[in-house]
Amino acid sequence: MPGPTPRPRLHRRSLPLAAAVLAVSLLAGSAQADDPAPADATLTADLDALLADARLANAQTGVEVLDAATGQVLYARQPQALLTPASTLKTVTSAAALDLLGADYRFTTEVRSTGSRSGDTVAGDLVLRGGGDPTLLAADLDDLAAQVAASGVTTVTGRVLADGSRYDSTPLGPGWAWDDEPYSYSPQISGLTVANDPEYLMDTVRVTVAPGAAGEAAKVTLDPAQAPMAFTGKVTTGAAGSASSVGVDRRRGSNELALSGSIAAGAAPVTSWVTVEDPSTYAGKVFAGALARHGVNVVRGVQAASGAEASQPLVSHRSQTLAQLIVPMLKLSNNGMAEHLTKEIGKVKGGRGDWATGVAQVQNFLKANGLSTPAGRQVDGSGLSRYDLITPAKMAGLLELAQNKPWFGAWYDALPVAGNPTRLVGGTLAARMRGTKAENNVHAKSGSMGGVDNLVGYATAPDGRRLVFAVLINDYAGTSPRPVLDAIAVRLATGPATATATTQQKARSLTVPAAGDGGTYTGTRWEDCEAVSHC
């Protein structure tokens, strides 16, 4: 539940410009000169001890802890350092979307006709017009097809035109890594896209490799079957009990899947989620397949729409509300959903569905709420880009001001909850901080990529106070500092009683295996891929 209305935040002393520039350039070391005097000496001693961990020796670390009700700074270390936010940027994007679009905002996908209707025949094309819905499922397209069939249509003399023109034609964000493109966490962004699972992994196809008899080729299937994928190579079936090494690799810039390796006879099928080139046409093909299943014959196949076709509405599908959509986005750190929100903000508030316009509107939201400085840098909505930069102080400020917004309750509940094993409650924190005072207490967003591990959110102290915290760790190499992040959150939730052991002992006691890992945390390509089961 939302906490009490926060009082105005205390103002910090500012550095002269030259000193500020120097401080940002020299991120390592102790707290900056503008760090406020500690308001809680015990907390300061405890967090200083945790941050002295050897895993942070050569890393850049920024921290700010606030009393959520008063805005008083309780602890700070390099709060104005510009650091890479990774997926913690989704807190900014989701808050801006709720504020600018409204918690009740919905996306609408339409089926329209360019021709006249005569009996059971449409003389012309059907246009599948995307409304930017990041949660449009294959099942929703099936429902739209069923509605078309129920209206009495059995024949379409033209085509299915796939219209993704609500957003611009740039599919990948600035600074996104080229070698991430085939993976489910790096989907192409379009005004029309389709997901094939209830966690809304948009623009992906599920590839399942099942063994045959030993010595034979394995069986490979696609879901949805209409996905426009071509195969090269093969996966062989090895002897029962042999090692499996299945490779399903999408060639860059194409929908060719290179198959390799082997799978043991009798082994469980291996499933991969792979992105698809041209998400709008992909959605159109899935819709055309649904029409065929419902007895509607489209004579001339599927093509991309120009977006300028004159048409009349036939049937439509509306998404859940934005307040509902941010749950899977934040819990599971869905990158595609965050990018759709960014472009939708741009389209609705700035007239253009592109990253530049959307980000500009997000920055206007921050400015209107007193969070315009330091400027930092934002280029996307998910934090997938390494161009993004933000300060711990701005992150903490966002968390503080959110409490006074009408949408706060829904947003707070949408944040992952430490140690809760239910997937759409614990989310990316389901396996972290279990068995501690942080379990079912800390609501926070994680964010990581190679050399980056962050955690920002809320902890309720033993005395009932809500605390805001932002911990950003950049530029580490070697052993992950994740146990230190968790130890800080646990300390906030537990109070000073945790400060009884050495940092290393506490960190070891808080190490929790990543979901499905079975051992200590080692990290994966992105956020433990955040949606662990899809990596």
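Trainee: Where in the chain is Arg300 found, and how should I read such a place?

Mentor: Arg300 is found in the loop between strand 17 (297–298) and strand 18 (302–304), where strands (E, at least two residues) and helices (H or I, at least four residues) are DSSP runs numbered from the N terminus. Please keep in mind that this is a predicted model, in which local features need pLDDT of at least 70, side-chain atom pairs count only at pLDDT 80 or more, and totals for chains, interfaces and linings use all residues. Residues are numbered from 1 along each chain as its sequence is written, and side-chain values use heavy atoms, with hydrogens and water left out.

Trainee: Which residues is Arg300 in contact with, once its neighbours within four places in sequence are left aside?

Mentor: Contact means heavy atoms within 4.5 Å, and with those neighbours set aside, Arg300 is in contact with Thr157, Gly158 and Arg159.

Trainee: Let us turn to the helices. At what angle do the axes of helix 4 and helix 5 cross?

Mentor: Axes are lines fitted to C-alpha atoms, for helices over the stretch in contact, and angles run from 0 to 180 degrees between N-to-C directions. The axes of helix 4 (residues 138–150) and helix 5 (residues 279–293) cross at roughly 45° and come within 8 Å. This angle makes helix 4 oblique to helix 5, because angles under 35 degrees count as roughly parallel, over 145 as roughly antiparallel, 65 to 115 as roughly perpendicular, and the rest as oblique.

Trainee: Which residues of helix 4 and helix 5 meet?

Mentor: On the side of helix 4 you will find Ala138, Leu141, Asp142, Leu144, Ala145 and Val148, and these meet Ala283, Val286, Phe287, Ala290, Leu291 and Arg293 in helix 5. By class, this contact of helix 4 with helix 5 has 10 nonpolar residues, two charged residues and no polar ones, where Ala, Val, Leu, Ile, Met, Phe, Trp, Tyr, Cys and Pro count as nonpolar, Asp, Glu, Lys and Arg as charged, and the others, Gly among them, as polar.

Trainee: How does helix 3 pack with helix 8: roughly parallel or roughly perpendicular?

Mentor: The two helices pack at an angle of about 80°, with their axes 10 Å apart, and helix 3 and helix 8 are therefore roughly perpendicular to each other. In helix 3, Val92, Ala95, Ala96, Asp99 and Leu100 meet Gln361, Val362, Phe365 and Leu366 in helix 8. The residues of this contact of helix 3 with helix 8 divide into seven nonpolar, one polar and one charged.

Trainee: And how do the axes of helix 3 and helix 7 cross?

Mentor: The axes of helix 3 and helix 7 (residues 335–350) come within 10 Å and cross at roughly 35°. From helix 3, the residues Lys90, Thr93, Ala96, Ala97, Leu100 and Leu101 meet partners in helix 7 that include Asn335, Leu341, Glu344 and Val348. By class, the contact of helix 3 with helix 7 has eight nonpolar, three polar and three charged residues.

Trainee: Now for the backbone. Is the peptide bond from Asp223 to Pro224 cis or trans?

Mentor: The bond from Asp223 to Pro224 is cis, with omega near 0°, and Pro224 has its place in the loop between strand 10 (219–223) and strand 11 (230–233). The peptide bond from Thr373 to Pro374 is cis, with omega near -10°, and Pro374 has its place in the loop between helix 8 and helix 9 (392–402).

Trainee: What is phi of Tyr200, and is its value positive or negative?

Mentor: Phi of Tyr200 is near 60°, which is a positive value in a residue other than glycine, and you can find Tyr200 in the loop between strand 8 (160–163) and strand 9 (204–210).
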